[in-house]
Amino acid sequence: MMSLVYDFDVLVLGSGPSGQKAAIAAAKLDRRVAIVERRNMIGGVCINTGTIPSKTLREAVVYLTGLNQREMYGRDYRVKDDITVGDLSARTSHVIGREVEVIRSQLQRNRVRLLTGSGSFFDAHTVSVDDDSGRETKVTAEKIIVAVGTRPARPSTVDFDDRTIIDSDGIINLEHVPNSMIVVGAGVIGIEYASMFAALGTKVTVVERRDRMLEFCDLEIIESLKYHLRDLAVTFRFGETVASVERHPRGAIALLESGKRIAADTVMYSAGRQGLGSDLHLENAGLEADNRGRIAVSESYQTTVDHIYAVGDIIGFPALASTSMEQGRLAAHHACGEPTRDMQKLQPIGIYTIPEISFVGRTEDELTEARIPFEVGIARYRELARGQIIGDSYGMLKLLVSPDDGKLLGVHVFGTGATELVHIGQTVMGCNGTVDYLVDAVFNYPTLAESYKVAALDAMNKMRHIHRIAT
């Protein structure tokens, strides 16, 4: 009996972080690979409207406002007085263009065929690719990896116009920097944008139905961030829900369920994200998505149809570019029958607020709830020569240390370079290192990395003090 001949060994839907890595990993294993992506969306949401534009925008804001230099040169210091959307978008466009070039080059170099258009299932082994001009092509593949990602969730009760009432994707299309803004939702995306616009001088009000923001983070770190944002004139309305938003010629008015009315030039909804599973005609392949458009998978990223995999934001938590890349690689290896190790459980979280937050491991609240004893070691940037040099007097690094064996239980960083610094702690934890290693290690001076030694000594001295009293 003849075996079926497919157009490709592996077909990937979507070219975001998970799709790219899946396609390239399969190509490295000598498979015939194709990737389906819409025109002008190479790199997916990550490159075009999400992670890369938002982080580039943040960098432009920090530079142009001179925010990080005000400790040295006074609160009125600015690199540019009248910052326009053009100033911000110039840097963003440059970075997006370069990143798209890099991805195209990587795909070509690895002989991954790029099929331009929107893909959907015709049957379990066949995908229809609509090239946006109405022409449809059908391609077959032995293995299919779904990596189509998400879009911002849009409540049906809200009248979005992408000018006055926008979602997080619409931020980069604003025509001018608003004087005032309401951010609905204090999740990661909402708080990142709230901090950026506050730094630009926009009067920001954050409305959040929960009692605190970023509740998965260390409470002390969040309190520090909240203090800084309030210093930039951000108003927080916790425990409040937006009932409706009225659009007017000169702005918008948000009516809260408590009866309060808040006026602003722009309202940005950050209400989570919706998986794009519902756009794929999954039923033709014997699959289905949940009510958030997400696809359920096994530990090896297989769907209920064995030869179809799903990776990235479309499978839900943690929905980070960093974890998605690794999911794509692991799924491709599994699909090609190549042995792999499981993804490491220890994954850092980076939040690109101004200032940054990053952590790895557990929080004080989690350890307390689990009745796991810990000692805290803290280093404050203002005590470090490097902190004084760069003008960061508010940053801090916190180590949570087991008093039983000296292992690191959590590392939490707030301030300049937090998303880079956290990887030192991640590496020590991943290698089962102890606080002794950090106490004995020699760090370059002056650096922010030196904060690990300072925090380790702080924790060690506290543990030694308890031991001295107890014996």
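How many nonpolar, polar and charged residues are there in the lining of the second largest pocket?

## The second largest pocket

In this predicted model, the lining of the second largest pocket has six nonpolar, five polar and four charged residues. The volume of this pocket is about 480 Å³, and its lining comprises 15 residues, among which Leu67, Arg70, Arg75, His228 and Asp231 lie nearest the centre. Two elements give two or more residues to this lining, namely helix H4 (70-73) and helix H7 (219-231), and of the contributions to the lining that of H7, with three residues, is the most.

The buried residues of H8 are Thr323, Ser324, Gln327, Gly328, Leu330, Ala331, Ala332, His333 and Ala335.

In the loop between S17 and H8 is found Pro318, which is joined to Phe317 by a cis peptide bond with an omega of about 5°. Just after H8, Gly337 takes a positive phi of about 70°.

## Other backbone features

Most residues other than glycine have a negative phi, and most peptide bonds are trans. Against that background, Asn40 has a positive phi near 65° although the residue is other than glycine. Asn40 belongs to the loop between strand S2 (33-37) and helix H2 (44-48), and it counts as exposed because its relative accessibility of 67% is over 50%.

His281, likewise not a glycine, has a positive phi of about 55°, and this residue is found in the loop between strand S16 (273-275) and S17. With a relative accessibility of 40%, His281 counts as partly exposed. A cis peptide bond also leads from Tyr445 to Pro446, where omega is near 0°, and Pro446 is placed in the loop between helix H12 (435-440) and helix H13 (451-470).

## Phe238 in strand S11

Phe238 lies in strand S11, which covers residues 235-238, and counts as partly exposed because its relative accessibility is 21%, whereas buried would require a value under 20%. Once its neighbours within four places in sequence are left aside, the residues in contact with Phe238 are Glu208, Arg210, Asp211, Arg212, Met213 and Lys226. Phe238 and Leu64 are 174 residues apart along the chain, and their C-alpha atoms are separated by 31 Å.

## Cysteines

A disulfide is a covalent bond between the sulfur atoms of two cysteines. With a cut-off of 2.5 Å between cysteine sulfur atoms, the count of disulfides in the model comes to zero. Cys336 has a relative accessible area of 10% and is therefore buried, while Cys431, at 61% relative accessibility, counts as exposed.

Note on methods. Residues numbered from 1 in each chain as written. Predicted model: local features only at pLDDT ≥ 70, side-chain atom pairs only at ≥ 80, totals over all residues. Heavy atoms only, no water. Buried < 20%, exposed > 50% of the residue type's maximum accessible area, 1.4 Å probe, protein only. Helix = DSSP H or I, 4+ residues; strand = E, 2+ residues; numbered from the N terminus. 1 Å grid on protein atoms, 1.4 Å probe; cavity = no way out; pocket = protein on both sides within 12 Å on 5 of 7 lines; lining within 4 Å. Points joined across faces, edges and corners; volume = space filled by probe spheres on them. Nonpolar A, V, L, I, M, F, W, Y, C, P; charged D, E, K, R; others polar. Contact = heavy atoms within 4.5 Å.
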